[in-house]
Amino acid sequence: MSQTLAAFNAFGPESFGNMVCQQAPYFSTIQPELVDLKSKFAEARVPFRKEITNHLGTVHAIAMCNLAELVAGLMTDASIPSNGKWIPQAMSVKYLAKAKTALRAVSNGQEIDWDTTGEKTVPVEVFDEDGQLVFTAEITMNVKLS
């Protein structure tokens, strides 16, 4: 089990989420609420707040990118072998609808071979409170195993 997954299980979603935001402070700008983390899966929510909106009153594009990178990174860390390291290499996103509510992001890595070195394309889907898909991302993670 990865150290990240062990910490999530030991401390619980709220405390672990606070630790993540201390380790990588930029994530705190969206005030993420971790929901679930396990090998090949991560889920988090972001409350709708004025501080993350744009001039249209919808969730800002970069706030959604931040959320996508959070769940993709945590899922990657929980999925790779204990001798692995990773770093985001690229991100491709699609804005599908205006995000006017709190958001829920899911990264599902069931189809990814985590036991090999190389580039892994990690999918993320972001939904509004009505379950509408408002944003997708594909984040290329460069994974190295020693």
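Q: How much space lies in the largest pocket?

A: Rolling a probe the size of a water molecule over the atoms shows where empty space is left. A pocket is an open set of points on a 1 Å grid over the protein atoms alone, where a 1.4 Å probe fits, with protein on both sides within 12 Å along at least five of seven lines. Here the largest pocket holds about 270 Å³, a volume being the space filled by probe spheres set on the points. This is a predicted model, where local features need pLDDT of at least 70, side-chain atom pairs count only at pLDDT 80 or more, and totals for chains, interfaces and linings use all residues. Residues are numbered from 1 along each chain as its sequence is written, and side-chain values use heavy atoms, leaving out hydrogens and water.

Q: Which residues are closest to the centre of that pocket?

A: Lining residues have an atom within 4 Å of a point. There are 14 of them, and Thr-4, Val-20, Gln-23, Leu-74 and Trp-86 are the closest to the centre. Helix 1 (3-23), helix 2 (61-79) and strand 3 (84-95) each give two or more residues to the lining; helices (H or I, at least four residues) and strands (E, at least two) are DSSP runs, numbered from the N terminus.

Q: What is the order of the strands in the sheet?

A: Two strands pair if DSSP finds at least two bridges between them. This open sheet has six strands, in the order 1-2-4-5-6-3, with antiparallel pairing. Strand 1 (33-38) and strand 3 each have a single partner strand, so one side of each is left without a neighbour in the sheet.

Q: How many bridges join strand 2 to strand 4?

A: Six, linking residues 41-46 with 103-108. Ala-44 stands opposite Ala-105 in strand 4.
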